[in-house]
Amino acid sequence: MRKILSLLTLTFILIGCNNQTKEKTMETSTNEKIVKQYFEHFNNHEWTKMANMYAETTDFKDPSLGQGIVKQTRQQIVEKYSELHKVFPDLHDQVIQTYPSGNKHIIVEFVSSGTAPDNSKFELPICVIFTIENGLITKDFSYFDNFEEKEQ
């Protein structure tokens, strides 16, 4: 009887752990799909579609916006990327790796590239931490070197 009780207990524990793993995987999978769609919109220069993936007002950490957290509306996001697109018409992001982190966060490592009007090309490695709540990006914390190298 003791063996049967132990076996049943072990079975329930394994089933419980398995169900928790499935729930976490499903949530992560949803966030990964959101991020994949985000970069598709970015690379197609569909700024309004991309901006609509954000909450109405989103917290940004972005060296190009200044120091600290800056709140941006969807319209401001469209304007920022439309201006960037004018300077770099072939703007493109290549995702290197995504790193799911809990239920609400996903870290994305990517390289942004493009060609300026003077035909100079750039490649910029970037890491962004997205916070995703209720299917929308509520925080976009980007990390990259925003300073040009000094010529020696």
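Predicted model: local features only at pLDDT ≥ 70, side-chain atom pairs only at ≥ 80, totals over all residues.
Q: How many salt bridges does the structure hold?
A: The structure holds 6 salt bridges, a salt bridge being a side-chain nitrogen of Lys or Arg within 4 Å of a carboxyl oxygen of Asp or Glu. One of them joins the side chains of Lys71 and Asp59, at 2.6 Å from N to O.

Q: Which parts does that Lys71 and Asp59 pair tie together?
A: Lys71 lies in strand S2 (residues 70-73) and Asp59 in strand S1 (residues 54-61), so the pair ties together parts that are 12 residues apart in sequence. Helices (H or I, at least four residues) and strands (E, at least two) are DSSP runs, numbered from the N terminus.

Q: Is Lys71 buried or exposed?
A: Lys71 counts as exposed because its relative accessibility is 54%, whereas Asp59, at 15%, counts as buried; buried means under 20% relative accessible area, exposed over 50%, and partly exposed in between (1.4 Å probe, protein chains only).

Q: What does Lys80 form a salt bridge with?
A: Lys80 pairs with Asp62, and their closest N and O atoms are 2.6 Å apart. This pair links distant parts of the chain, with Lys80 in helix H3 (residues 74-87) and Asp62 in the loop between S1 and S2, 18 residues apart. Lys80 is partly exposed at 22% relative accessibility, while Asp62 is buried at 6%.

Q: And which residue meets Lys104 in a salt bridge?
A: The side chain of Glu133 does, at 3.3 Å from N to O.

Q: How do S5 and S6 pair?
A: S5 and S6 pair in the antiparallel sense over 7 bridges, where two strands pair if DSSP finds at least two bridges between them. They form a hairpin with 2 residues between them, and Asn134 in the turn has a positive phi of about 55°. S6 (residues 136-143) is also joined to S1 by 4 bridges, and those two strands run parallel.

Q: Switching topic, where is Asn31 found?
A: Asn31 is found in helix H1 (residues 2-43), and it is buried, with a relative accessible area of 2%. A polar atom of the Asn31 side chain lies 3.0 Å from the backbone oxygen of Asn103.

Q: What else does Asn31 touch?
A: Not counting residues up to four places away in sequence, Asn31 touches Asn103, Lys104, His105, Ile106 and Ile132, contact meaning heavy atoms within 4.5 Å.

Q: Last one: how many aromatic pairs does the structure hold?
A: The structure holds 9 aromatic pairs; rings of Phe, Tyr and Trp (its six-membered ring) pair if their centres lie within 6.5 Å, with planes under 30 degrees apart counting as stacked, over 60 as edge-to-face and the rest as tilted. Tyr38 and Phe39 form an edge-to-face pair, at 5.1 Å centre to centre and 75° between the planes, and both Tyr38 and Phe39 are buried.

Definitions and conventions:
Residues numbered from 1 in each chain as written. Heavy atoms only, no water. Polar contact = N/O pair within 3.5 Å; in protein donor to acceptor, adjacent residues only side chain to side chain.
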